[in-house]
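Visitor: Could you walk me through reading a few residues in a structure?
Guide: Gladly; let us look together.

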Amino acid sequence: MEIKAAVTHDKGKDFKLEEVRLDDPKDNEVLVKIVASGVCHTDAVAKDQDVPVPLPAVLGHEGSGIVEKVGSNVQTVESGDHVVLSFSSCGHCENCLSGHPTYCLYFNDLNFGGVMNDQTKRIHQGDQELSTFFGQSSFGTYAVANARNVVKVDKDVDLSLLGPLGCGIQTGAGTVLNKLQPNFGETIAVYGCGAVGLSAIMAANIVGCAKIIAVDVHDSRLELAKELGATDVINSKEVDIVDEIKNITDGGVNYTVESTSVPTLARYSVQALKPLGVSAVVGVTQEAEFNVFEDIMAEGKSIVGAIEGNAIPQLFIPKLISYYKAGKFPFDKLVKFYEFDEINQAFKDSKEGTTVKPIVKMG
């Protein structure tokens, strides 16, 4: 079928809205009419080739939409269902089978390699095949996704809001709720108040952390962090982050979440921990330097990675929607909507920090 998609032809270039051809879904796949798609930092690093993705490609990996057609083997959704599209996983490796699809042994190939689970492509432009992103390519009016990517959601929630639950919001909230699992009354600091960091703050508030410290360079985002549950805020341009966190908590926090991708902040996130504390690094951070003995060994601290919030999307995304409906997870306060032809502006605003979570509506 012919669809409209935002095509990335060359490194760092603006998206071009163009006509492309989308194949029918195969036996284990689903055709989804995309209602909206979140704009995520991962889309930006793929567009700029900081994470190499074969070009030309149709990016987008936080899609929400309505199922139009299902393959013969699909039993989890049917035509007319409202769905969120999340990351791709194989379903048969050791990590998938043990309930950790975010650490699928084929994660990089399936999400960044430009192909679907059967190693073929679904999007074409003339005689040229276009790469798929995260097994969905939701920057288009329609998408084909493997059934493992697809999460059925309630029809009584605005579907256009829900796409970011498939990656950025799932990552922040899941890092706290699934990976770190702080106890009531423990303390946490979150570095970076974008969509991932603010989702972590909302999750820490659900758990009942006694101190939730937000760190950012934008006062407007720090104000939003307070609205969403932060007990304290730090503008890192104005004070020493580690000293300030230790002053607030009388010695350090139990946990930190580092979402900025800034290498120096990765080290600060460890230094601000109390002994035996744990830092979760979720930003795409390159070459952070640590003094292994002083920063980690001497006080029994740990650094962990957290991909996609260590979530099983089909279980976790409905849980986040339940929290939202109960007024405990107001992620709608992060969102600004753009029309499909404003997608380049949405990326610009996100990069400049004027929009926390852009969502592009397909019309």
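Predicted model: local features only at pLDDT ≥ 70, side-chain atom pairs only at ≥ 80, totals over all residues.

Guide: Residues are numbered from 1 along each chain as its sequence is written, and side-chain values use heavy atoms, with hydrogens and water left out.

Visitor: Where does Ser 89 lie?
Guide: Helices (H or I, at least four residues) and strands (E, at least two) are DSSP runs numbered from the N terminus. Ser 89 sits in the loop between β6 (82–85) and α2 (94–97).

Visitor: Is Ser 89 buried or exposed?
Guide: Buried means under 20% relative accessible area, exposed over 50%, and partly exposed in between (1.4 Å probe, protein chains only). With a relative accessible area of 2%, Ser 89 is buried.

Visitor: Which side chain joins that of Ser 89 in a polar contact?
Guide: A polar contact is a pair of N or O atoms within 3.5 Å; within protein, one must be able to donate a hydrogen and the other to accept it, and residues adjacent in sequence count only if both atoms are side-chain atoms. Here the partner is Arg 148, at 2.9 Å.

Visitor: What about Thr 355?
Guide: Thr 355 is in the loop between α11 (343–352) and β18 (357–361). Thr 355 is buried at 3%, and its side chain makes a polar contact of 2.9 Å with that of Tyr 338.

Visitor: And which residues does Ala 280 contact?
Guide: Contact means heavy atoms within 4.5 Å. Ala 280, in strand β15 (residues 273–281), is buried at 0% relative accessibility. Neighbours within four places in sequence aside, its contacts include Thr 175, Leu 180 and Val 304.
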